[in-house]
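Subject: A structure for you to explore

Hi there,

Here is the structure I promised to hand over. Please open it next to this email and follow along as you read.

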Amino acid sequence: MIDKASIEQLKNIVDIVDVIGNYIELKKAGTNYKALCPFHNEDTPSFVVSPAKQIYHCFGCGAGGDAIKFVMDYEKLSYPEAIEKLASMYNFSLVHTQGQSSLAPLFKALEEINKFYKSNLLHNQQALGYLKERGVSSVSIEKFSLGYAPDSASQLAYLKSHLIPFQDALQAGILAQEGERVYARMIERITFPIFSPKGALVGFGGRTITNHPAKYLNSPETKLFHKSKILYGYHIAKEQIFKKKLIIVCEGYMDVVMLHQGGFDTAVATLGTALTAGHLPLLTRGEPRVILAYDGDKAGINAALKASKLLSSHDIDGGVVIFPQGLDPADMVVQGKQSELHELFSHPQPFIQFVLETITKTYDLQNPKEKQKALFEGIEYLKTLPPLVAEEYRDYLAALLNILPSKVQLQPKKQQTTQPASLETRDAKELSIIKTMLVHPYLIDTVLDIIDIKHIIYHKEEFRLALEQNLEHPKIREILLDDGIITFDEENLHKELLVFLIKYYENKIKQLTHSNIPFEQKSYLIRKYKENIIKLKRGEMIIE
Ligand SMILES: [Zn+2]
């Protein structure tokens, strides 16, 4: 473990412009620096580094954070690894603390309960019967450390007799608590232990064998277990993924187990969630081709579409294999259809083709309006790709829609400004109030004395984030870095808020006059709002 104080000292000497300037070329622009974003493809720079605030932010893709975050993302390192890297850049000697990390007891609790689950499986005929019926071999049971979680009471007794504090088991996600009652989360389920990429046990997936309505259940998010970043089976498949430069991503635990059993030993799965940007660091390690092996039902195709968009926009090579309705990779292995599977995985449909075809299939192309929508959606997608790649696929989209390639306009007609105009409406006053709350947190009370979130029309989310002082959020960084948004000082703020409220009620009245509510109610409300405005103009506060 790296000593916390030592990390703080390092942070104090690190300069973000230095650090990022080490990796990419920065150009001075006013008080900030600009560059082409290293995290997405673009022609005009929307990546901004602020020496004053020691943060970076990309107005194009939302990437951003401090110097450590940049090194983590750019070099695909973990937090401690990035700290070490920065320390070596600055010739800074970090202090390492001895002894166990505070997470050690949680790992221990997970390891212990996993032993219990594994031994339980061997004595439970029903659970073994289920696995046998699904075609899982004893080699696979061993390889994936499958187990069986019995009733809650035996698990509690086991933990107690092995001196595992309930508090640790709670924090590790093994137990849950409702009021006074403490109970095991996995009950009467086949357990699929989930490991970190380095092979540490961090959580469980569980499949019911007693017809519980939730077929599959995962451990909750804990200090160790982050669903959106982990891939099931990765630690086992890792070596082969690097060797074969191939990774097969499927949807379920059973698919992974059975694919490995069938010889497809680079298979992994997301943990009951969609594939997200959080998975990219793992997926890109060793630069494998990525094959998505998804179900042919609506949910599967939708998931494949989203994942393909994500992967292709990050220039990741690979394609999609959609299994026909009612068939899945696990069944095919059981039926001995390895050569068919091999054939399918050898000819995935490339991501970009898959996305364009799926988009055009969702519209009725006989209808000109629908066709226009399909064209628009296709173009929007192509614009997320590296420009040369997008150009390559123009003809493909045109052919799918049966139109001239020249109709596929990838370049915006107007010259694009350096900061892409947001599609959302921006409200300068609201943004100024929000920025004031961010820059002068002590003024938040003043703001809340006069207005609350219902008065904020366009930037509710940002307002909420500012209340939480969430400086990590991309939208918040955007506001902080936008020199066009002014802030108010204590004196002005009060006056500005009153003016803001007057505007709010004036708008309300305007909306009311055009609405269809009953006359009496309408005139009552209008009167009330007008009274409010009069009070505000006198400098009085409104209490509702
Ligand atoms: Zn970017």
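Which residues does F345 touch, not counting residues up to four places away in sequence? F345 touches I248, L259, F264, I291, A293, V321 and F323, where a contact means heavy atoms within 4.5 Å.

Before we go on, a word on the model. This is a predicted model, in which local features need pLDDT of at least 70 and side-chain atom pairs count only at pLDDT 80 or more, while totals for chains, interfaces and linings use all residues. Residues are numbered from 1 along each chain as its sequence is written, and side-chain values use heavy atoms, with hydrogens and water left out.

**Domains and cores**

The domain assignment divides the chain into domain 1 (4–89), domain 2 (104–218), domain 3 (234–356), domain 4 (363–407) and domain 5 (428–537); such bounds come from an automatic or database assignment. Between the C-alpha centres of domain 2 and domain 4 there are 49 Å.

F345 is also one of the residues with the most contacts inside the largest nonpolar core, which has 60 residues. A nonpolar core is a set of buried Ala, Val, Leu, Ile, Met, Phe, Trp, Tyr and Cys residues joined through side-chain atoms within 4.5 Å. Buried means under 20% relative accessible area, exposed means over 50%, and partly exposed is in between (1.4 Å probe, protein chains only). Helix α5 (residues 104–123) gives this core its largest share, seven residues. Domain 2 (104–218) and domain 3 (234–356) each supply at least three residues to this core. Apart from it lies another core of 40 residues, including A237, L311, I316 and Y393.

**The zinc site**

Now find the zinc ion. Its protein donors are C37 (SG), H40 (ND1), C58 (SG) and C61 (SG), at 2.1 to 2.3 Å. Donors are N, O and S atoms within 2.8 Å of the metal (3.2 Å for Na, K and Ca); water is not among the atoms, so sites may look incomplete. Why is the arrangement of the four donor atoms tetrahedral? The donor atoms subtend angles of 101 to 120° around the zinc ion, which makes the arrangement tetrahedral; the cut-off for four donors is that all angles lie between 85 and 135 degrees.

C37 lies in the loop between β2 (32–35) and β3 (47–50) and C58 in strand β4 (residues 55–58), so this pair ties together parts 21 residues apart in sequence. Helices (H or I, at least four residues) and strands (E, at least two) are DSSP runs, numbered from the N terminus. C37 is buried, with a relative accessible area of 6%, and C58 is buried too, at 0%.

**The sheet**

Five strands form an open antiparallel sheet in the order β1-β2-β3-β4-β5; two strands pair if DSSP finds at least two bridges between them. At the edges stand β1 (27–29) and β5 (64–65), each with a single partner strand, so one side of each has no neighbour in the sheet. Four bridges join β3 to β4, and V49 has Y56 in β4 as its bridge partner.

**Two loop residues to look at**

Most residues other than glycine have a negative phi. K76, however, has a positive phi near 55°. K76 is found in the loop between α3 (67–75) and α4 (79–89) and is partly exposed, at 43%. D315 has a positive phi as well, of about 60°. D315 lies in the loop between α13 (298–313) and β15 (318–323) and is exposed, at 53%.

Happy exploring!

Technical notes
Tetrahedral: all angles 85-135°; square planar, octahedral: opposite > 155°, others 65-115°.
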